[in-house]
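Dear colleague,

Please find below the structure I promised to pass on to you.

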Protein chains: 2
Amino acid sequence: MNLETLREATRRQMPDKRWKHTLGVVETSVKLAERFGGDAAKAELAALLHDYAKAWPIDRQAMVIRERGLPPELLDFDKELWHAHVGAWAVREEHGIDDEEVLDAIRYHTSGRERMTLTDKIVCLADYIEPGRDFPGVNKIRRLAEHSLEEGLVAGFDSTISLLVEKGKRIFPLTVIARNGLIDELKKRGQSELQGG
Amino acid sequence: MNLETLREATRRQMPDKRWKHTLGVVETSVKLAERFGGDAAKAELAALLHDYAKAWPIDRQAMVIRERGLPPELLDFDKELWHAHVGAWAVREEHGIDDEEVLDAIRYHTSGRERMTLTDKIVCLADYIEPGRDFPGVNKIRRLAEHSLEEGLVAGFDSTISLLVEKGKRIFPLTVIARNGLIDELKKRGQSELQGG
């Protein structure tokens with residue numbers, strides 16, 4: 001696997017605007033990995049590939065889920081979740097990516113999940129705050145991301161949940177589960193700091 | 001089972017303020033049942049008993065969950081959810097209530113659940129809007145409850161979710177799943193109305 005080939009292949013999957021966003025997520029993921037002791041190479045690779053299938057026609061995404069052994073219950077969830085799982089499938093199939101940590105970070109970059117790895121957290125948070133992002137509350141999330149991946153991500157999920165409540169739209173249960181897990185992590189860490197741990 | 005005996009037994013489980021709230025939920029549940037074609041007797045019974053174990057010491061609630069075969073994963077959830085399940089257990093054990101529809105409405109009155117029955121919806125919504133309730137947004141929920149159980153409940157869950165986001169607290173995944181289910185119901189109904197159904 002050659003990184004330059006992979007970049008070109010990824011770029012060909014999407015319009016320019018999405019590619020610009022991808023480069024923003026790569027840049028931010030590397031920064032976050034350095035800031036929080038993550039694996040910068042894995043974070044960079046997952047970030048590059050996170051939206052690989054985002055611009056694929058929705059029918060093609062559904063076909064991959066149905067015919068290539070992806071969890072069929074995905075079809076009951078919101079379509080915005082599909083591209084993450086389909087993307088993980090595609091980069092394994094088309095480019096032989098087989099690092100499960102990288103694949104999971106692609107799979108869960110939109111929803112989060114119960115026990116997020118460091119790489120999951122980095123890519124998911126970078127996706128919220130890359131320089132091209134502009135939505136109410138993004139600067140608060142950027143500030144929190146200066147000192148805590150978990151606080152930044154909780155604020156990111158908060159903004160998503162609040163927007164969905166406001167619009168009367170469905171909320172992904174997995175995002176709530178991810179947020180609960182991060183709150184628990186922060187609470188435990190607070191307790192161990194209080195105990196001098 | 002004598003309703004008057006049951007009222008007295010329920011009243012003895014809780015302080016006066018909680019009893020006053022209970023009477024409010026009873027009154028509102030009966031009204032909602034009449035308005036939306038529910039079973040007023042079941043709604044009244046479930047409403048009377050919905051907070052049966054709410055004022056029990058938390059250790060006693062945990063002991064019931066551990067020692068009386070309630071789902072042990074309840075202990076991983078927020079304590080506010082316990083009294084609903086413990087209450088359903090207690091009214092069966094102590095008063096022989098065995099109508100599963102009534103017991104479910106007690107069990108899920110705090111969280112909601114995926115496919116809420118009419119009685120579930122009535123008691124859960126009544127718990128939000130009984131006359132003694134006063135919180136931001138309650139009058140909006142009351143207005144919606146004039147014409148739709150589901151719209152009222154979505155607004156109720158929205159207020160709960162927004163409060164938990166604001167306070168940085170965990171959200172019950174089941175509440176999000178309940179809200180998603182209600183949104184789907186409203187969408188389907190809207191579609192069938194458009195088709196003249």
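The copies meet through the same surface, because 100% of the interface residues of chain A are also interface residues in chain B. In this predicted model, 17 residues of chain A are in contact with 17 residues of chain B, where contact means heavy atoms within 4.5 Å. Chain A can be laid on chain B by a turn of 180° and a shift of 0.0 Å along the axis, with an RMSD of 0.0 Å (superposed by least squares on the C-alpha atoms of residues with pLDDT of at least 70 in both). The two copies are thus related as by a two-fold rotation axis, and of the residues of chain A it is Pro173(A) that comes closest to this axis, at 2.8 Å for its C-alpha.

Between the chains, the count is two salt bridges, each being a side-chain nitrogen of Lys or Arg within 4 Å of a carboxyl oxygen of Asp or Glu. Asp184(A) and Arg170(B) meet in a salt bridge through their side chains, at 2.5 Å from N to O.

As for conventions, residues are numbered from 1 along each chain as its sequence is written, and chains are lettered from A and ligands numbered from 1 in the order in which they are written. Because this is a predicted model, local features need pLDDT of at least 70 and side-chain atom pairs count only at pLDDT 80 or more, while totals for chains, interfaces and linings use all residues, and side-chain values use heavy atoms, with hydrogens and water left out.
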